[in-house]
Amino acid sequence: MVTVRECFLLTFAFCRIGLYTCYRRIFYGPRPPPRPSFSAICIGITGAGKSTILATLCSEKDEIIPTKGFSIKDIAFDNAILHVKEIGGSDTLRKYWNKYYRGVQGIIFVVDGSCDEDIFNIASEEFRNAVMDPELAGLPLLILVNSIDQSKARGVEEITKAFNINELCSERKWSIRNCYATDTDSVKFAFQPFLEIMLDQYDNATENNRL
């Protein structure tokens, strides 16, 4: 049997919860809705700057070591959370890239805009192999041109033409952006068009589910 004292304590507890809720709404506004989350794969030739770019986004200060297998990072942006699986880009690992494609929602391809011609040609071929893979068909794509040596860096127009992006990616939404791997603002700015593409698709899918 509930006593008068227990009723009083229960009523007091509910009042405290109600007062706290009102206080938060008055002074802090309503709680923001949860940010949507997306999964993406990050690929590119060894030395392109994949690990450095992701470490910069995560504010990691430790020494960057090239990825020898794969690593996973959760990156929080203002409007979304990106779960990124980075795959190493060495000769021995590139042939296994397609083993990690299943289930991802977007592609991040990193290229060193200042690399030598041989490496650039390899990057172009690996880019073609990736975007033509059926597992990645139609997925949003971000090409990051990391300008390691600005004096030799190729521009986005040159890389768009050399990689034949307009033709290879005519059936998907894509963005190509310059960035500097250690510059947080530069990298975040480069990611925004990619996130907007993914958010648009998310909103469209959510709206279709309501119909």
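Glu135 is partly exposed, at 34% relative accessibility (buried means under 20% relative accessible area, exposed over 50%, partly exposed in between; 1.4 Å probe, protein chains only). The structure is a predicted model, in which local features need pLDDT of at least 70 and side-chain atom pairs count only at pLDDT 80 or more, whereas totals for chains, interfaces and linings use all residues. Residues are numbered from 1 along each chain as its sequence is written, and side-chain values use heavy atoms, with hydrogens and water left out.

Glu135 pairs with Arg102 in a salt bridge, with 3.2 Å between the closest N and O atoms (a side-chain nitrogen of Lys or Arg within 4 Å of a carboxyl oxygen of Asp or Glu). Glu135 lies in the loop between H4 and strand S5 (141–146), and Arg102, 33 residues apart from it, in the loop between H3 and strand S4 (106–112); helices (H or I, at least four residues) and strands (E, at least two) are DSSP runs, numbered from the N terminus. Arg102 is exposed, at 66%.

Six salt bridges are found in the whole structure. Shared partners join Asp91, Arg94 and Glu126 into one network. Arg94 is buried at 12%. Its closest N–O distance to Asp91 is 2.8 Å, and both residues lie in helix H3 (residues 91–94), three residues apart. Asp91 is exposed at 60%. The closest N and O atoms of Arg94 and Glu126 are 3.0 Å apart; Glu126 lies in helix H4 (residues 117–131), 32 residues from Arg94, and is buried at 15%.

The mean pLDDT of the protein is 84 (the predictor's confidence in each residue, from 0 to 100).
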